[in-house]
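Open the model in your viewer and keep the selection tool at hand. This tour goes stop by stop: select, look, move on.

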Amino acid sequence: MLAIIFFITLLLFASPLIIGFLGMLAPAFAWLPALNMHQPSLLGWQQLFAWPDLGHSIGLTLLSGLGSTLLALWWCYLILRRYWLTPQWQKIERLLAPLLAFPHVAFVLGFGLMFSSTGWLARIWHHLGLADSFYPTLIHDRYGLGLLFALAIKETPFLLLMSISILKQLDIKRLYQVSISLGYNHQQTWHNVILPLWLPKLRLAIFAVAGYGLAVVDVALIIGPTHPSTLSMLIWQWFTDGDLTQLPRAAAGAFLLLSIVIITFGLLRLAEWWRLSYAISWQYKGAIQQHPRRIPSPIATFFSRGLLLLPLIMLPILAIWSFALRWRFPDLLPSRYSDRFWQQQLEPLQQLVSNSITLALISSILALIMAIICLEYRQKYQRGIPTILIAIPMIAPQLSLLFGMQIAISFVAGQHFWLWVSWSHWLYVFPYIYLTLDGPWRSYDQRLDQTARSLGLNGWQTWWRVKFPQLKPALWLAFAVGCSVSLAQYLPTQMLGAGRVSTLTTEAVTLASGQDRRISAIYGLLQGLLPLVFFTLAMVFAQRKTSQTHITR
């Protein structure tokens with residue numbers, strides 16, 4: 001039974017990847033029988049390369065996607081170098097869960113309300129007497145710098161979280177003590193000893209950040225450049241065009257985007273190889289390198305505390321805007337408050353919240369059960385799902401993969417929109433739950449099972465009465481992670497739901513494009529609070545179980 005469910009999970013996980021690739025490849029070469037295109041051709045590619053601003057859009061994509069990845073990686077390194085093995089690190093580690101639970105869309109809605117030309121920062125700028133001086137605009141700027149900084153700020157906590165288990169495996173305390181005893185200072189130890197060991201193990205997380213940044217749509221819709229836009233935005237516009245003959249061009253663009261992402265991964269891997277070969281040559285030569293000038297303490301403090309707290313600051317900004325009735329520029333606070341907009345949106349919000357929670361629960365529960373079965377199968381038979389296969393939904397462009405799935409399911413009779421949306425959510429939830437549980441499953445002491453078996457318990461009793469209580473906190477955390485991932489999905493819901501399945505995320509992105517700021521703030525606030533609710537419940541149940549275990553013992 002265990003093997004059957006494992007292979008069913010593998011089939012459900014691998015089939016959309018294959019279907020998505022083939023469904024993108026066929027229309028990219030103008031093979032669409034439904035549109036009377038029966039002969040493959042290069043029509044889509046000709047239309048794609050004839051687009052006048054294509055080169056500019058690709059440049060913006062590389063600048064925002066690759067730039068945000070490198071910036072987030074640099075910020076992550078600075079925070080680790082400054083606070084790892086210090087008492088302050090415990091406070092930072094406790095912040096990571098709520099920061100990761102905060103969806104990109106909710107953060108970017110608050111980011112727009114803070115950094116727009118009439119946002120909170122502009123109001124402070126005016127009150128400081130700088131109204132006539134230059135004010136940097138980060139919303140829909142032509143170079144995509146706002147998109148770059150927003151992505152970098154939001155992805156830094158993810159890289160920090162991925163670094164925790166890596167640095168614990170490396171035993172940084174021992175490495176640090178040995179390096180100090182050999183005469184290296186703090187900066188040289190991190191730059192020449194720890195960095196070459198940490199960077200390769202973080203490769204998958206870096207690829208995930210780069211893949212998301214290069215192909216992001218929802219965030220780019222809210223704050224990204226518009227004339228021209230990024231390549232992912234162009235593809236999305238072509239895909240949603242009412243003229244179906246534009247599908248070959250959209251498919252060719254999706255294939256081009258996938259190629260750009262793969263080439264970027266190769267460049268990142270090449271840069272990593274160059275950095276590591278440089279470090280290895282230094283280690284063999286044994287010469288102490290001159291480390292770059294140390295960043296002043298106030299700047300380092302801003303990077304560590306300011307950047308990590310900035311996403312949480314967006315919640316009160318959204319809350320104030322949602323209750324603001326009258327707020328003239330350049331007043332720092334509204335002159336009048338009202339709950340009128342909440343009352344107006346109460347009825348549609350009930351349905352949207354219900355849809356969002358339903359999708360999150362369905363995808364997360366199914367993914368959690370299947371991840372447990374896959375991990376148990378790996379532990380029993382020493383064979384599991386390859387890591388590279390698990391990582392594909394995390395690092396591949398959503399637009400490219402979902403485009404092919406959308407084309408493929410169009411051949412299926414019937415309107416099973418909830419089924420397709422739930423399947424797509426499960427596809428993106430499963431890798432995060434699986435990787436969240438991978439560490440706890442590997443670190444579980446199997447001698448506990450052997451002892452339980454020797455005392456007369458069968459396989460199921462051993463798992464339920466011995467293993468499950470030990471891993472229950474990790475299971476609650478994985479469930480909360482899965483729910484937060486599902487709640488943040490925009491493209492899977494929009495593309496496979498064909499507009500029939502609406503969630504808080506889809507409505508928040510739609511309303512951000514020109515509706516009243518106060519209504520957008522309501523949707524952004526709720527979209528940000530729901531994942532925090534799931535994480536809070538998970539922490540409460542995990543701590544409750546831990547305390548009960550101590551009492552029993």
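One term comes up throughout. A residue is buried when its relative accessible area is under 20%, exposed when that area is over 50%, and partly exposed in between. Keep in mind that this is a predicted model.

**Stop 1: the nonpolar core**

Start inside. The largest nonpolar core has 173 residues. Select F111, W198, F430 and L437, which have the most contacts inside that core.

Now stay on W198. Which residues does W198 touch, leaving aside those up to four places away in sequence? Show L73, C76, Y77 and L80.

**Stop 2**

Side chains of opposite charge can pair when their charged atoms come close. The structure holds seven salt bridges.

Select E272 and R269. These two form a salt bridge, and their closest N and O atoms are 3.6 Å apart. Both sit in helix α13, residues 247-285. They are three residues apart, so about one helical turn separates them.

Is each partner buried or exposed, or something in between? E272 has a relative accessible area of 6%, so E272 is buried. R269 is at 34%, which lies between the 20% and 50% cut-offs, so R269 counts as partly exposed.

**Stop 3: a salt bridge between distant parts**

Next, select K467 and E376. Their side chains meet in a salt bridge, 2.7 Å from N to O. This pair links distant parts of the chain, 91 residues apart. K467 belongs to helix α20, residues 459-487. E376 belongs to helix α15, residues 340-381.

Check accessibility again. K467 counts as buried because its relative accessibility is 1%. E376 counts as buried too, at 15%.

**Stop 4: another pair within a helix**

Go to helix α18, residues 417-443, and select R442 and D438. The salt bridge between their side chains spans 3.0 Å, N to O. The two residues are four apart, about one turn of the helix.

D438 is at 16%, so D438 counts as buried.

One more selection concerns salt bridges. Show R203 together with R269 and E272: salt bridges that share partners join these three into one network.

**Stop 5: helices α5 and α7**

Colour helix α5, residues 104-115, and helix α7, residues 145-170. They pack at an angle of about 130°, with axes 11 Å apart. That angle makes α5 oblique to α7. Their crossing is right-handed.

Where is the contact? On α5, select H104, F107 and F111. On α7, select G146, A150, L151, I153, K154 and E155.

**Stop 6: helices α3 and α10**

Finish with helix α3, residues 54-83, and helix α10, residues 203-215. Their axes come within 8 Å and cross at roughly 150°. The two helices are therefore roughly antiparallel to each other. The α3 and α10 crossing is right-handed.

Select the α3 side: T61, L62, S64, G65, L66, T69 and L73. They meet I206, V209, A210, G213 and L214 in α10.

How values were computed:
Residues are numbered from 1 along each chain as its sequence is written. This is a predicted model: local features need pLDDT of at least 70, side-chain atom pairs count only at pLDDT 80 or more; totals for chains, interfaces and linings use all residues. Side-chain values use heavy atoms; hydrogens and water are left out. A nonpolar core is a set of buried Ala, Val, Leu, Ile, Met, Phe, Trp, Tyr and Cys residues joined through side-chain atoms within 4.5 Å. Buried means under 20% relative accessible area, exposed over 50%, partly exposed in between (1.4 Å probe, protein chains only). Contact means heavy atoms within 4.5 Å. A salt bridge is a side-chain nitrogen of Lys or Arg within 4 Å of a carboxyl oxygen of Asp or Glu. Axes are lines fitted to C-alpha atoms, for helices over the stretch in contact, and angles run from 0 to 180 degrees between N-to-C directions. Angles under 35 degrees count as roughly parallel, over 145 as roughly antiparallel, 65 to 115 as roughly perpendicular and the rest as oblique. A crossing is left-handed if the near helix is turned anticlockwise from the far one by less than a right angle, and right-handed if clockwise.
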